[in-house]
Amino acid sequence: MSEKGGLVLRRNVVKPPAENGAGASSSKNEERDTKDGRDSDAEDADSKETRLTLMEEVLLLGLKDKEGYTSFWNDCISSGLRGCILMELALRGKIELEKAGMRRRALTSRKVLVKNDSPCGDVLLDEALKHIKETEPPETVQSWIEYLSGETWNPLKLSYQLKNVRERLAKNLVEKGVLTTEKQNFLLFDMTTHPLVDNVTKSRIVKRLQEAVLTKWTNDAQRMDRRLLSLIYMAYSSDVLENAFAPLNDDDYELAMKRVRELMDLDFDAESAKSNETVWAVVSAFVK
């Protein structure tokens, strides 16, 4: 890993039986969706006081507790949050990838399709889902990350950009009682900031991330909670995962980073054959 986002990284540093036929394929997809749903339900049960989306958790990890803003040096979190939106839609069963076909095309070359267009109850998710639904022909995950970030050379796609995502997510967290709103003066301009007021919620997220790669490490991505695994990947891609590991002692820090690197080195196409393909497509778009 390298120095990114204003953070100096420390340098001391069982496969199910095969089934045949279209019915079997359909059954496997249903099992995957059910498993993803169970993971999400379990995650919600662990945090009934404050239920957060993947985007909100990643932003919370990136915010400075007292200052209430993300690092000015972090140039990854913007696109990372858009990836979180696609990941959240995938975890909720709203989007899926087109069929791989006989040639088994790579995840990054397959188009995103709407599987369920019912409202999510979240403005950002519903806005992104509407864009995906109305776009013909369909686009890939990588294209959608660029469109939602406004980082495209195609002027016809600029209207897909989701604007003020960080501010909108911060306001959601204010409404949930996790952050508050203040004004800070930076010599030439005033800026709205969102300092942390609910330390318990953020500490819970940090603890879950630490335990996932230390005391509760399974050495098998398929046995990990789907939402927690997604959080690890997206926090890494948004350059905020380091913030969760910074409090660890040197030995635990080295072990945690070693295991994160193992997750980053997985064959995402192979993993996608075992669980939610769209989730792995988002991961593949960021971890290259």
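# Questions on a predicted model

Reader: Which residues does Pro119 touch, not counting those up to four places away in sequence?

Author: Pro119 touches Lys94 and Asp126 when residues up to four places away in sequence are set aside. Please keep in mind that this is a predicted model.

Reader: How far apart are Pro119 and Lys94 in sequence and in space?

Author: They are separated by 25 residues in sequence, and their C-alpha atoms are 9.3 Å apart in space.

Reader: Where does Pro119 sit?

Author: Pro119 belongs to the loop between β2 (112-114) and α4 (123-134).

Reader: And is Pro119 buried or exposed?

Author: Pro119 is exposed, because its relative accessible area is 67% and exposed means over 50%.

Reader: Changing topic: which residues of the largest nonpolar core touch the most other members?

Author: The core has 76 residues, and those touching the most other members are Leu61, Leu86, Leu89, Val141, Leu209, Tyr233 and Phe245.

Reader: Which helix gives the most to this core?

Author: Helix α3, residues 77-91, gives the most, with nine residues.

Reader: What is Leu86 in contact with, leaving aside neighbours within four places in sequence?

Author: Leu86 is in contact with Ile95, Ile132, Val141, Trp144, Ile145, Leu148 and Val282.

Reader: How many residues of helix α5 are buried?

Author: Helix α5 (residues 141-149) is mostly covered, with seven of its nine residues buried. The buried ones are Val141, Ser143, Trp144, Ile145, Tyr147, Leu148 and Ser149.

Reader: What covers the buried residues of α5?

Author: The cover includes helices α3, α4 and α12 (277-286), together with the strands β1 (95-97) and β2.

Reader: One more topic: at what angle do α2 and α8 pack?

Author: Helix α2 (residues 54-62) packs against helix α8 (residues 226-237) at about 45°, and their axes are 10 Å apart. That angle makes α2 oblique to α8.

Reader: Is the crossing left-handed or right-handed?

Author: The crossing of α2 past α8 is right-handed.

Reader: Which residues make the contact?

Author: From α2 there are Leu54, Glu57, Val58 and Leu61, and from α8 there are Arg227, Ser230, Leu231, Met234 and Ala235.

Reader: How many of them are nonpolar, polar and charged?

Author: The contact of α2 with α8 has six nonpolar residues, one polar residue and two charged residues. Leu61, on the α2 side of that contact, is also among the core residues that touch the most other members.

Methods. Residues are numbered from 1 along each chain as its sequence is written. This is a predicted model: local features need pLDDT of at least 70, side-chain atom pairs count only at pLDDT 80 or more; totals for chains, interfaces and linings use all residues. Side-chain values use heavy atoms; hydrogens and water are left out. A nonpolar core is a set of buried Ala, Val, Leu, Ile, Met, Phe, Trp, Tyr and Cys residues joined through side-chain atoms within 4.5 Å. Buried means under 20% relative accessible area, exposed over 50%, partly exposed in between (1.4 Å probe, protein chains only). Helices (H or I, at least four residues) and strands (E, at least two) are DSSP runs, numbered from the N terminus. Contact means heavy atoms within 4.5 Å. Axes are lines fitted to C-alpha atoms, for helices over the stretch in contact, and angles run from 0 to 180 degrees between N-to-C directions. Angles under 35 degrees count as roughly parallel, over 145 as roughly antiparallel, 65 to 115 as roughly perpendicular and the rest as oblique. A crossing is left-handed if the near helix is turned anticlockwise from the far one by less than a right angle, and right-handed if clockwise. Ala, Val, Leu, Ile, Met, Phe, Trp, Tyr, Cys and Pro count as nonpolar, Asp, Glu, Lys and Arg as charged, and the others, Gly among them, as polar.
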